[in-house]
Amino acid sequence: MATKERIGYIEGILSSILNVILFGMKLIVGVSVGSVSMIADAWHTLSDTLTSLIVILGFWFSSQPEDKEHPFGHGRAEPIAGIIIGVLMGLVGFRFISESVVNLRGHAAAVFDSRSIIVFAVSVLLKEAMAQFAIRAGKKVNSSSLIADGWHHRSDAIASAIIVVGAFFSHKIWWIDSVLGIIVSLFILFFTYEVIRHAANQLLGEAASDSEIKELNSLLSETGATNIHHVHIHRYGDHVEMTLHVELPKDTLLEDAHATGTKIEALIRKTLNYEPTVHIEPY
């Protein structure tokens, strides 16, 4: 099993187990004190379990070898999993904004106790630890679904932290629980946007950054090619395709132009680990 796949499975399994435990604890204390923000955060935590299972499935699909229908492999299963995670987060966010507004208009209040504060404080520490692990692992192995799951953990940690802070004022401010429910939901929606944007960029294809263009110019300067342009990058998980246009003198022999193109492709494969396609133009 590849390192990337193994890390994805480990994060997904650990996350699922932790989320189920925290969901049960949060739901019990949330129902006992009648707190919509705590109950919303409990279901947010349970949605983390579903997203972690999606991470596992995403890694399994993306690890499948290329076939006739998918000549570039199945690596884009990961950003698809990231978008699914984002959509689920968005549904949770919109649902609990609605419930919080209803409670606010109905003057519904909640009274927090020490047990509920302790449960949510512990949740902050555990979820932020999982967020750190998932985001760092995702960056290390270039996994959008792991990074998405990490941000989902972090949104849960921030939501729990807000609830803990607000709990200390609940006996003085009747509307604090409903307002906290809205704030938690807005955090969920913000992270939803970030997760979907990151995954969608990979699926849509990306233009090369200025730093990548600069690196290409430096790398290919010895080949005689100039005016490197029309650079496109297409990511399929670990497999990355790059297309680019370069210019050679118009009197270059076809055989020499072909040799230069082959040299350029070899340099890109060796240095960037991309699979390049070079289009040569005269200047």
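Trainee: Which residues does Trp 43 touch, leaving out those up to four places away in sequence?

Mentor: Phe 23, Leu 27 and Phe 96. This is a predicted model. Trp 43 itself lies in helix H2, residues 36–62.

Trainee: Why is Trp 43 called partly exposed?

Mentor: Its relative accessible area is 34%. Buried means under 20%, and exposed means over 50%. The value for Trp 43 falls in between, so Trp 43 is partly exposed.

Trainee: How far apart in space are Trp 43 and Asp 177, C-alpha to C-alpha?

Mentor: They are 16 Å apart. In sequence, 134 residues separate them.

Trainee: On to the helix pairs. Why are H4 and H5 called roughly antiparallel?

Mentor: Helix H4, residues 114–141, packs against H5 at an angle of about 160°. Angles over 145 degrees count as roughly antiparallel. Therefore H4 and H5 are roughly antiparallel to each other.

Trainee: How far apart are the axes of H4 and H5, and what is the hand of the crossing?

Mentor: The axes are 7 Å apart. H4 passes H5 in a left-handed crossing. By class, this contact has 18 nonpolar, six polar and five charged residues.

Trainee: How do you know how H5 and H6 are oriented to each other?

Mentor: By the angle again. Helix H5, residues 144–167, and helix H6, residues 176–204, pack at about 165°. The cut-off for roughly antiparallel is over 145 degrees. So H5 and H6 are roughly antiparallel. Their axes are 10 Å apart.

Trainee: Is the crossing of H5 and H6 left-handed or right-handed?

Mentor: H5 passes H6 in a right-handed crossing. On the H5 side, the contact residues include Ile 147, Trp 151, Ile 158 and Ile 162. On the H6 side, they include Leu 180, Phe 187, Phe 191 and His 198.

Trainee: What residue classes make up the contact of H5 with H6?

Mentor: It has 14 nonpolar, five polar and no charged residues. Ser 155 of H5 is in the contact.

Trainee: What makes the length of H3 close to the expected value?

Mentor: Helix H3, residues 77–105, has 29 residues. It reaches 43 Å from its first C-alpha to its last. At 1.5 Å a residue, 42 Å is expected. H3 is followed by His 107, whose phi is positive, near 55°.

Trainee: Where else is phi positive in a residue other than glycine?

Mentor: Asn 227 has phi near 50°, and His 230 also has phi near 50°. Asn 227 is in strand E2. His 230 is in strand E2 as well.

Trainee: Why are Asn 227 and His 230 called partly exposed?

Mentor: Asn 227 has a relative accessible area of 43%. His 230 has 44%.

Trainee: What does Ile 228 touch beyond four places in sequence?

Mentor: Leu 216, Asn 217, Leu 220, Leu 244, His 245 and Val 246. The C-alpha atoms of Ile 228 and Leu 272 are separated by 16 Å. Those two are 44 residues apart along the chain.

Note on methods:
Residues are numbered from 1 along each chain as its sequence is written. This is a predicted model: local features need pLDDT of at least 70, side-chain atom pairs count only at pLDDT 80 or more; totals for chains, interfaces and linings use all residues. Side-chain values use heavy atoms; hydrogens and water are left out. Axes are lines fitted to C-alpha atoms, for helices over the stretch in contact, and angles run from 0 to 180 degrees between N-to-C directions. Helices (H or I, at least four residues) and strands (E, at least two) are DSSP runs, numbered from the N terminus. Angles under 35 degrees count as roughly parallel, over 145 as roughly antiparallel, 65 to 115 as roughly perpendicular and the rest as oblique. A crossing is left-handed if the near helix is turned anticlockwise from the far one by less than a right angle, and right-handed if clockwise. Contact means heavy atoms within 4.5 Å. Ala, Val, Leu, Ile, Met, Phe, Trp, Tyr, Cys and Pro count as nonpolar, Asp, Glu, Lys and Arg as charged, and the others, Gly among them, as polar. The expected span of a helix is 1.5 Å times one less than its number of residues. Buried means under 20% relative accessible area, exposed over 50%, partly exposed in between (1.4 Å probe, protein chains only).
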